[in-house]
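Hi there,

Here is the structure I promised to pass on. Have a look, and then read my notes below.

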Amino acid sequence: MSLIFTVSRTNGATPLTYGAWVYEIVGVVTEVGRKVTKFKVGDKAGVGCMVGACLSCESCSDDLENYCSKMILTYNMAYHDGTTTYGGHSHIIVASERFVVRIPITCPLTSQRPSYVPEAQSIVLSSGLGHIAVKFAKAFGLQVTLISTSPSKKKEAIEILGADSFLLSPDPEQMQALRGTLDGIIDTVSAIHRIPPLLDLLKPNGKIILLGVPNEPHQLPAPPLIMGRKTVAGSVIGGMKETQEMLDFAAKHNVTADIEVVPKDYVNTAMERLAKGDVRYRFVIDVGNSLSPTKP
(Lines give C-alpha, C1' and ligand atoms only; values in the text may rest on other atoms or scores of the structure.)
Protein backbone atom coordinates (compact mmCIF):
# COMPACT_ATOMS: atom_id res chain seq x y z
CA MET A 1 0.00 0.00 0.00
CA SER A 2 3.01 2.34 -0.01
CA LEU A 3 2.11 3.88 -3.37
CA ILE A 4 -1.48 4.44 -2.18
CA PHE A 5 0.06 6.17 0.86
CA THR A 6 2.23 8.33 -1.39
CA VAL A 7 -0.59 9.35 -3.70
CA SER A 8 -3.09 10.01 -0.90
CA ARG A 9 -0.62 12.21 1.00
CA THR A 10 -0.25 14.62 -1.94
CA ASN A 11 -3.77 15.99 -1.36
CA GLY A 12 -3.54 17.74 -4.71
CA ALA A 13 -0.69 19.95 -3.51
CA THR A 14 2.08 18.25 -5.47
CA PRO A 15 1.69 17.03 -9.08
CA LEU A 16 2.37 13.30 -9.01
CA THR A 17 3.03 11.43 -12.25
CA TYR A 18 2.98 7.66 -12.68
CA GLY A 19 6.76 7.57 -12.47
CA ALA A 20 6.70 9.34 -9.14
CA TRP A 21 5.50 6.16 -7.42
CA VAL A 22 6.80 3.36 -9.65
CA TYR A 23 9.75 1.88 -7.79
CA GLU A 24 11.28 -1.52 -7.06
CA ILE A 25 12.49 -1.47 -10.65
CA VAL A 26 14.10 -4.51 -12.27
CA GLY A 27 15.66 -4.96 -15.68
CA VAL A 28 18.85 -5.68 -17.60
CA VAL A 29 21.97 -3.50 -17.64
CA THR A 30 22.44 -1.91 -21.08
CA GLU A 31 25.39 0.38 -20.38
CA VAL A 32 27.95 0.98 -17.59
CA GLY A 33 30.29 3.83 -16.75
CA ARG A 34 34.03 3.33 -16.90
CA LYS A 35 34.38 3.26 -13.09
CA VAL A 36 31.63 0.67 -12.54
CA THR A 37 33.00 -2.58 -11.08
CA LYS A 38 29.98 -4.56 -9.84
CA PHE A 39 27.99 -4.79 -13.07
CA LYS A 40 28.45 -5.50 -16.75
CA VAL A 41 26.15 -5.18 -19.73
CA GLY A 42 23.57 -7.97 -19.72
CA ASP A 43 23.41 -8.41 -15.93
CA LYS A 44 20.05 -8.53 -14.18
CA ALA A 45 19.78 -5.58 -11.82
CA GLY A 46 17.32 -3.74 -9.63
CA VAL A 47 16.78 -0.27 -8.17
CA GLY A 48 14.70 0.06 -5.03
CA CYS A 49 13.19 2.98 -3.13
CA MET A 50 16.35 5.11 -2.98
CA VAL A 51 18.91 6.33 -5.50
CA GLY A 52 21.12 8.58 -3.41
CA ALA A 53 22.43 9.62 0.01
CA CYS A 54 25.22 11.77 1.43
CA LEU A 55 27.61 8.75 1.72
CA SER A 56 29.54 10.47 4.53
CA CYS A 57 27.34 10.27 7.65
CA GLU A 58 27.37 7.54 10.29
CA SER A 59 24.38 5.75 8.74
CA CYS A 60 25.96 5.66 5.29
CA SER A 61 29.26 4.42 6.77
CA ASP A 62 27.31 1.58 8.42
CA ASP A 63 25.68 0.59 5.09
CA LEU A 64 22.37 1.97 6.32
CA GLU A 65 21.80 4.59 3.65
CA ASN A 66 18.07 4.27 4.30
CA TYR A 67 18.54 6.24 7.54
CA CYS A 68 20.63 9.01 6.00
CA SER A 69 19.01 12.42 6.54
CA LYS A 70 19.85 13.26 2.93
CA MET A 71 18.53 10.04 1.39
CA ILE A 72 17.08 10.57 -2.09
CA LEU A 73 14.02 8.50 -2.96
CA THR A 74 13.59 6.98 -6.40
CA TYR A 75 10.48 9.08 -6.95
CA ASN A 76 9.32 12.67 -6.38
CA MET A 77 12.56 14.06 -4.91
CA ALA A 78 15.39 16.27 -6.10
CA TYR A 79 18.56 14.44 -7.16
CA HIS A 80 22.08 15.77 -6.46
CA ASP A 81 22.00 17.83 -9.66
CA GLY A 82 18.60 19.33 -8.89
CA THR A 83 16.59 17.23 -11.33
CA THR A 84 13.48 15.41 -10.15
CA THR A 85 13.51 11.65 -9.68
CA TYR A 86 10.63 10.05 -11.58
CA GLY A 87 10.86 6.40 -10.58
CA GLY A 88 10.54 3.54 -13.01
CA HIS A 89 7.78 4.51 -15.40
CA SER A 90 10.32 4.79 -18.22
CA HIS A 91 12.27 2.50 -20.50
CA ILE A 92 15.62 3.22 -18.82
CA ILE A 93 16.91 4.42 -15.46
CA VAL A 94 20.41 5.68 -14.69
CA ALA A 95 21.69 5.12 -11.15
CA SER A 96 24.88 4.96 -9.14
CA GLU A 97 26.06 1.38 -8.69
CA ARG A 98 25.98 1.95 -4.91
CA PHE A 99 22.20 2.00 -5.20
CA VAL A 100 21.77 -0.87 -7.63
CA VAL A 101 21.39 -4.50 -6.53
CA ARG A 102 22.37 -7.66 -8.39
CA ILE A 103 19.44 -9.92 -9.25
CA PRO A 104 20.75 -13.52 -9.04
CA ILE A 105 20.56 -15.27 -12.38
CA THR A 106 18.26 -17.94 -10.92
CA CYS A 107 15.63 -15.38 -9.90
CA PRO A 108 12.82 -14.32 -12.25
CA LEU A 109 12.84 -10.54 -12.66
CA THR A 110 9.11 -10.20 -12.07
CA SER A 111 9.07 -11.87 -8.65
CA GLN A 112 11.75 -9.95 -6.77
CA ARG A 113 10.37 -7.69 -4.09
CA PRO A 114 12.49 -6.54 -1.11
CA SER A 115 11.43 -7.74 2.32
CA TYR A 116 13.07 -8.31 5.67
CA VAL A 117 12.14 -10.71 8.47
CA PRO A 118 13.92 -10.57 11.86
CA GLU A 119 15.44 -13.84 13.03
CA ALA A 120 13.20 -14.09 16.11
CA GLN A 121 10.00 -13.69 14.14
CA SER A 122 7.20 -16.19 14.63
CA ILE A 123 4.08 -14.55 13.25
CA VAL A 124 3.04 -12.22 10.47
CA LEU A 125 -0.12 -10.39 9.47
CA SER A 126 -1.50 -10.88 5.99
CA SER A 127 -1.11 -8.27 3.23
CA GLY A 128 0.89 -7.85 0.03
CA LEU A 129 4.06 -7.50 2.07
CA GLY A 130 2.80 -10.06 4.56
CA HIS A 131 2.63 -12.89 2.04
CA ILE A 132 6.33 -12.58 1.22
CA ALA A 133 7.15 -12.22 4.92
CA VAL A 134 5.53 -15.61 5.51
CA LYS A 135 7.75 -17.15 2.84
CA PHE A 136 10.91 -15.59 4.27
CA ALA A 137 10.03 -16.65 7.81
CA LYS A 138 9.51 -20.23 6.68
CA ALA A 139 12.82 -20.13 4.80
CA PHE A 140 14.46 -19.06 8.08
CA GLY A 141 13.01 -22.20 9.68
CA LEU A 142 10.49 -20.42 11.94
CA GLN A 143 7.05 -21.46 13.12
CA VAL A 144 4.66 -19.06 11.44
CA THR A 145 1.12 -18.11 12.42
CA LEU A 146 -0.75 -15.86 10.04
CA ILE A 147 -3.24 -13.46 11.61
CA SER A 148 -6.18 -12.18 9.60
CA THR A 149 -9.62 -10.67 10.08
CA SER A 150 -11.01 -12.84 7.28
CA PRO A 151 -11.74 -16.57 7.75
CA SER A 152 -11.65 -17.03 3.97
CA LYS A 153 -7.86 -16.57 4.03
CA LYS A 154 -7.17 -19.63 6.19
CA LYS A 155 -6.88 -22.17 3.37
CA GLU A 156 -4.67 -19.87 1.31
CA ALA A 157 -2.47 -19.06 4.32
CA ILE A 158 -1.69 -22.68 5.09
CA GLU A 159 -1.93 -24.49 1.77
CA ILE A 160 -0.43 -21.85 -0.54
CA LEU A 161 1.73 -19.53 1.57
CA GLY A 162 2.94 -22.29 3.89
CA ALA A 163 1.99 -20.85 7.29
CA ASP A 164 1.93 -23.38 10.12
CA SER A 165 -1.27 -22.06 11.65
CA PHE A 166 -3.94 -19.41 11.22
CA LEU A 167 -5.41 -17.01 13.78
CA LEU A 168 -8.71 -15.24 13.20
CA SER A 169 -8.28 -12.02 15.17
CA PRO A 170 -12.01 -11.14 15.61
CA ASP A 171 -12.52 -14.48 17.39
CA PRO A 172 -11.98 -13.89 21.15
CA GLU A 173 -11.58 -17.61 21.88
CA GLN A 174 -8.79 -18.00 19.31
CA MET A 175 -7.07 -14.83 20.59
CA GLN A 176 -7.29 -16.05 24.20
CA ALA A 177 -5.86 -19.46 23.26
CA LEU A 178 -2.70 -17.85 21.85
CA ARG A 179 -2.32 -15.23 24.59
CA GLY A 180 1.31 -14.96 25.70
CA THR A 181 2.62 -17.54 23.19
CA LEU A 182 4.31 -15.54 20.44
CA ASP A 183 7.91 -14.32 20.25
CA GLY A 184 7.25 -11.57 17.75
CA ILE A 185 4.77 -10.06 15.33
CA ILE A 186 5.38 -8.40 11.98
CA ASP A 187 2.44 -6.07 11.43
CA THR A 188 2.15 -5.27 7.72
CA VAL A 189 -1.39 -3.91 7.81
CA SER A 190 -1.95 -0.37 6.54
CA ALA A 191 -5.61 -0.22 7.60
CA ILE A 192 -6.49 1.24 11.00
CA HIS A 193 -6.45 -1.51 13.64
CA ARG A 194 -5.87 -1.98 17.37
CA ILE A 195 -2.39 -2.79 18.68
CA PRO A 196 -3.16 -3.79 22.34
CA PRO A 197 -4.83 -7.14 21.42
CA LEU A 198 -1.68 -8.03 19.48
CA LEU A 199 0.51 -7.13 22.46
CA ASP A 200 -1.48 -9.62 24.53
CA LEU A 201 -0.35 -12.39 22.18
CA LEU A 202 3.33 -11.77 22.91
CA LYS A 203 5.52 -13.52 25.45
CA PRO A 204 7.49 -11.32 27.87
CA ASN A 205 10.19 -9.44 25.91
CA GLY A 206 8.18 -9.96 22.73
CA LYS A 207 8.29 -7.43 19.92
CA ILE A 208 5.87 -6.03 17.34
CA ILE A 209 7.45 -4.54 14.24
CA LEU A 210 5.20 -2.10 12.38
CA LEU A 211 5.59 -1.99 8.59
CA GLY A 212 2.19 -0.65 7.58
CA VAL A 213 1.26 3.05 7.57
CA PRO A 214 -2.40 3.66 8.53
CA ASN A 215 -4.04 6.99 7.76
CA GLU A 216 -4.46 7.69 11.49
CA PRO A 217 -2.02 7.27 14.42
CA HIS A 218 -2.09 4.05 16.44
CA GLN A 219 -3.46 4.20 19.98
CA LEU A 220 -0.84 2.64 22.23
CA PRO A 221 -1.48 2.49 25.99
CA ALA A 222 1.51 1.96 28.28
CA PRO A 223 0.39 -0.90 30.61
CA PRO A 224 0.52 -3.72 28.03
CA LEU A 225 4.09 -2.66 27.22
CA ILE A 226 5.53 -2.18 30.68
CA MET A 227 3.90 -5.23 32.29
CA GLY A 228 5.65 -7.61 29.93
CA ARG A 229 8.67 -5.54 28.87
CA LYS A 230 7.33 -5.64 25.34
CA THR A 231 8.52 -3.54 22.42
CA VAL A 232 6.79 -1.83 19.52
CA ALA A 233 9.26 -0.96 16.77
CA GLY A 234 9.08 0.10 13.14
CA SER A 235 10.92 -0.45 9.90
CA VAL A 236 10.62 0.65 6.30
CA ILE A 237 13.39 -0.39 3.89
CA GLY A 238 16.87 -1.80 4.43
CA GLY A 239 20.26 -0.47 3.46
CA MET A 240 21.84 -1.56 0.21
CA LYS A 241 23.99 -4.26 1.85
CA GLU A 242 20.96 -5.73 3.64
CA THR A 243 18.90 -5.61 0.45
CA GLN A 244 21.55 -7.50 -1.52
CA GLU A 245 21.80 -10.11 1.25
CA MET A 246 18.03 -10.50 1.12
CA LEU A 247 18.02 -11.09 -2.64
CA ASP A 248 20.84 -13.63 -2.39
CA PHE A 249 18.96 -15.45 0.39
CA ALA A 250 15.78 -15.41 -1.69
CA ALA A 251 17.62 -16.95 -4.64
CA LYS A 252 19.17 -19.67 -2.48
CA HIS A 253 15.84 -20.62 -0.89
CA ASN A 254 13.56 -19.97 -3.88
CA VAL A 255 11.59 -17.23 -2.15
CA THR A 256 9.56 -15.27 -4.71
CA ALA A 257 6.54 -12.98 -4.62
CA ASP A 258 3.18 -14.00 -6.06
CA ILE A 259 2.57 -11.40 -8.74
CA GLU A 260 0.22 -10.24 -11.47
CA VAL A 261 1.90 -8.74 -14.55
CA VAL A 262 -0.03 -5.85 -16.12
CA PRO A 263 0.69 -3.51 -19.05
CA LYS A 264 1.38 0.15 -18.31
CA ASP A 265 -1.96 1.30 -19.74
CA TYR A 266 -3.62 -0.75 -16.96
CA VAL A 267 -2.12 1.41 -14.21
CA ASN A 268 -5.28 3.32 -13.28
CA THR A 269 -7.27 0.10 -12.97
CA ALA A 270 -4.46 -1.46 -10.96
CA MET A 271 -4.55 1.50 -8.56
CA GLU A 272 -8.28 1.07 -8.06
CA ARG A 273 -7.91 -2.66 -7.44
CA LEU A 274 -4.98 -2.10 -5.09
CA ALA A 275 -7.00 0.33 -2.97
CA LYS A 276 -9.66 -2.41 -2.64
CA GLY A 277 -7.10 -5.10 -1.80
CA ASP A 278 -7.97 -6.89 -5.04
CA VAL A 279 -4.55 -8.30 -5.94
CA ARG A 280 -2.67 -11.48 -5.07
CA TYR A 281 -0.24 -10.17 -4.09
CA ARG A 282 1.83 -7.67 -6.08
CA PHE A 283 1.29 -5.86 -9.36
CA VAL A 284 4.24 -5.81 -11.77
CA ILE A 285 3.97 -3.10 -14.43
CA ASP A 286 5.52 -4.20 -17.72
CA VAL A 287 6.91 -0.87 -18.88
CA GLY A 288 8.88 -2.36 -21.75
CA ASN A 289 6.02 -4.53 -23.08
CA SER A 290 8.33 -7.53 -22.92
CA LEU A 291 6.22 -9.83 -20.74
CA SER A 292 2.89 -11.58 -21.11
CA PRO A 293 0.15 -10.27 -18.79
CA THR A 294 -1.00 -12.76 -16.15
CA LYS A 295 -4.56 -13.36 -15.10
CA PRO A 296 -5.72 -12.13 -11.65
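Predicted model: local features only at pLDDT ≥ 70, side-chain atom pairs only at ≥ 80, totals over all residues.

Residues are numbered from 1 along each chain as its sequence is written, and side-chain values use heavy atoms, with hydrogens and water left out.

The sheet is open and has three strands in the order β1-β2-β7, paired antiparallel. Strands are DSSP runs of E with at least two residues, and helices are runs of H or I with at least four, both numbered from the N terminus; two strands pair if DSSP finds at least two bridges between them. β1 (25-28) and β7 (101-102) stand at the edges with a single partner strand each, so one side of each has no neighbour in the sheet. Strand β2 (residues 44-47) is joined to β7 by two bridges, and A45 sits opposite R102 of β7.

Now the rings, where F136, F140 and F249 are linked into a cluster. Rings of Phe, Tyr and Trp (its six-membered ring) pair if their centres lie within 6.5 Å; planes under 30 degrees apart are stacked, over 60 edge-to-face, and the rest tilted. There are two aromatic pairs in the structure. F136 and F249 have ring centres 6.0 Å apart and planes at 20°, so this pair is stacked. F136 belongs to helix α3 (residues 128-139) and F249 to helix α8 (residues 240-253), 113 residues apart. Both F136 and F249 are buried (under 20% relative accessible area, with exposed over 50% and partly exposed in between, using a 1.4 Å probe and protein chains only). The rings of F140 and F249 have centres 4.7 Å apart and planes at 35°, so that pair is tilted.

Best wishes
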